[in-house]
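Thanks for coming. I will take a few minutes to walk through one structure, so please have a look at it first.

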Amino acid sequence: MSASTSFEHIALAVDYLVAKRKQARSTQPRLVIVHGHHQPGTACHCGETIEQVFLGVGRRLIALALSPTGLVVVDILARKRSMLLSAAQIEQIAASHPFYMHLGANTASKNRRAIRLARRSIKVFISRFRRLLAKASAQAGVETRPENILVSEPTDLLNITAYRLALPCEFAHVSGSSMG
């Protein structure tokens, strides 16, 4: 085998592996969080709304029927995806982060209500979110258990569980509220 033939063989093998990896990534589940009332030129800016959360698989998006409070919990977990968060930490982020404190301020509606999270309600939303993930995963034909998407891990502190999302998350922005 000549040096150029060997190089061509290696190049073909690399191309094959890259194509295989791209195909696997395109079918890997991901969360897509849609923010509404977006101001162009900003990214996840105060005043936006959290319109919807989808489980995305390839080009398919499956809407998850979350309440406004559930949307906030999932948004926090998605933004802090690399961190383990306890219910107390999620509660604190919702109460102190400017994005959540001014959620929906860009809307014309005067009926905007503040989202208040309590630790025990966060645990209920975690459970509901897992059920929705299980349904959406089955609908998409994904064989991933919801416990592997939204991971619960014990911490060093007694009886404290922390949560994290173990899948890629994307944020999409729309100028107005086109969802509903």
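This is a predicted model: local features need pLDDT of at least 70, side-chain atom pairs count only at pLDDT 80 or more; totals for chains, interfaces and linings use all residues.

Let me start with strand β5, which runs antiparallel to strand β6, residues 161-165, with five bridges joining the two.

Now the whole sheet. Which strands form it, and in what order? It is an open sheet of three strands, ordered β4-β6-β5, with antiparallel pairing. The edge strands are β4, residues 85-86, and β5, residues 150-154, and each of them pairs on one side only. As a general point, strands of a sheet pair through backbone hydrogen bonds, either parallel or antiparallel.

Next, the helix. Helix α2, residues 68-79, lies across β4, β5 and β6, and runs at about 75° to β6. The helix has twelve residues and spans 17 Å from its first C-alpha to its last, close to the 16 Å expected at 1.5 Å a residue. Why is α2 described as largely enclosed by the rest of the structure? Because ten of its twelve residues are buried. Among them are Thr69, Gly70, Leu71 and Asp75.

Is Thr49 buried or exposed? Its relative accessible area is 12%, and buried means under 20%, so Thr49 is buried. Its side chain makes a polar contact of 3.5 Å with the side chain of His37. Beyond its neighbours within four places in sequence, Thr49 is in contact with several residues, including Val34, Leu103 and Thr107.

Key. Residues are numbered from 1 along each chain as its sequence is written. Side-chain values use heavy atoms; hydrogens and water are left out. Buried means under 20% relative accessible area, exposed over 50%, partly exposed in between (1.4 Å probe, protein chains only). A polar contact is a pair of N or O atoms within 3.5 Å; within protein, one must be able to donate a hydrogen and the other to accept it, and residues adjacent in sequence count only if both atoms are side-chain atoms. Contact means heavy atoms within 4.5 Å. Two strands pair if DSSP finds at least two bridges between them. Helices (H or I, at least four residues) and strands (E, at least two) are DSSP runs, numbered from the N terminus. Axes are lines fitted to C-alpha atoms, for helices over the stretch in contact, and angles run from 0 to 180 degrees between N-to-C directions. The expected span of a helix is 1.5 Å times one less than its number of residues.
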